[in-house]
Amino acid sequence: MTDLRIQRRGVLLGAAAAGLGLASSNSWAQSTWPSKPVTVVVPFPAGGGTDAFARPLAAQFSKSTGKTLVIDNRGGAGGTLGASIASKAAPDGYTLFMGAVHHAIAPAMYPKLDYDIEKDFIPLALLANVPQVLVVNPKTPSTNFKQFLDYIKRNPAKLNYGSAGAGTSHHLAGELFKQQTGTFITHIPYRGAGPALQDLIGGNVDMMFDGLGSSANHIKSGRIKALMVSGAKRNPAFPDVPCASEVGLPDYTVTTWYGLWAPKGTPADVQARIVDEIKRLGTADELKAVWASNGADYGGMTQQQFGAFVSTEVKRWAAVVKASGAKLD
């Protein structure tokens with residue numbers, strides 16, 4: 001009997017030791033993040049605003065950690081397809097999601113989403129905040145905003161504008177513009193800002209309300225022309241482009257922000273490692289230069305602040321969608 005008790009005790013102690021070993025192993029694996037390449041799902045095709053910040057971030061990440069940050073472009077459905085894919089990824093810190101303001105708009109535009117940006121993701125960091133800019137093809141005869149607006153008013157329904165997809169900030173920026181100027185322009189949705197910009201450059205669409213992140217290089221090269229930035233002040237990266245307040249639209253304020261999330265269930269210590277790494281990357285001179293050239297401000301929020309910001313944005317854009325009557329095209 002005594003021998004049997006000793007045997008049972010030995011089995012229990014062995015199991016406990018194995019459990020502690022497994023827990024220790026898991027804890028070690030989490031604390032050493034990243035120990036292998038990390039994938040970031042970018043829910044738009046290459047060449048858009050999200051890409052403009054994701055790829056420099058990836059380059060700096062590899063330089064800082066010695067591990068590759070793989071950009072996985074999954075465009076479609078106004079950015080919601082990629083978000084859906086990322087929401088179902090393993091919550092181990094090796095698949096992250098880089099979304100944008102579009103994902104705060106989506107709940108009001110897509111009532112049948114199979115994910116919830118607030119419940120199925122853990123907010124990690126606000127990465128960049130950039131104003132929207134009204135850009136046109138260089139062949140447009142108008143040389144400034146006033147001339148262009150007069151032309152739109154004289155030619156109702158003749159012009160169209162491209163967007164990164166129905167329900168994106170590009171789309172609603174156009175709807176807001178129509179409301180505030182009393183004009184009518186036709187919405188042409190694309191699978192991302194990159195394809196829309198290429199058609200704008202090619203003259204297949206007339207105008208676009210884009211984030212400076214994806215438009216900046218094209219503006220500087222002369223492939224497209226900027227007529228106005230949203231908000232009450234000019235952007236330091238483009239000091240010659242007037243702001244909305246200057247051209248008679250004091251209430252036209254639309255910004256595009258980009259953030260990083262992890263799937264729900266990602267361990268807290270892994271979250272902390274990711275957040276610490278992102279903070280470190282944000283102070284690098286190389287990234288500061290890229291952000292400045294794109295007319296962007298770095299986020300600088302804590303996890304909690306970013307989560308609260310997203311919740312506020314979801315509510316704010318739901319009200320905008322309702323007031324504008326915007327619908328999926």
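1. Strands are DSSP runs of E with at least two residues, helices are runs of H or I with at least four residues, and both are numbered from the N terminus. The model is predicted: local features need pLDDT of at least 70, side-chain atom pairs count only at pLDDT 80 or more, and totals for chains, interfaces and linings use all residues. Residues are numbered from 1 along each chain as its sequence is written, and side-chain values use heavy atoms, with hydrogens and water left out.

2. The largest pocket holds about 310 Å³ of space. A pocket is an open set of points on a 1 Å grid over the protein atoms alone, where a 1.4 Å probe fits, with protein on both sides within 12 Å along at least five of seven lines; lining residues have an atom within 4 Å of a point. Strand β4 (residues 121-136) gives the largest share of this lining, three residues.

3. The second largest pocket has about 210 Å³ of space. Its lining has 14 residues, of which G47, A52, G213, S214 and N217 are the closest to the centre. The largest share, four residues, comes from α8.

4. The axes of helix α4 (residues 102-109) and helix α6 (residues 169-181), lines fitted to C-alpha atoms over the stretch in contact, come within 9 Å and cross at roughly 70°. The two helices, α4 and α6, are therefore roughly perpendicular to each other (65 to 115 degrees). H102, I105 and M109 of α4 meet S169, H170, H171 and L172 of α6, where contact means heavy atoms within 4.5 Å.

Methods. Axes are lines fitted to C-alpha atoms, for helices over the stretch in contact, and angles run from 0 to 180 degrees between N-to-C directions. Angles under 35 degrees count as roughly parallel, over 145 as roughly antiparallel, 65 to 115 as roughly perpendicular and the rest as oblique. Grid points are joined across faces, edges and corners, and a volume is the space filled by probe spheres set on the points.
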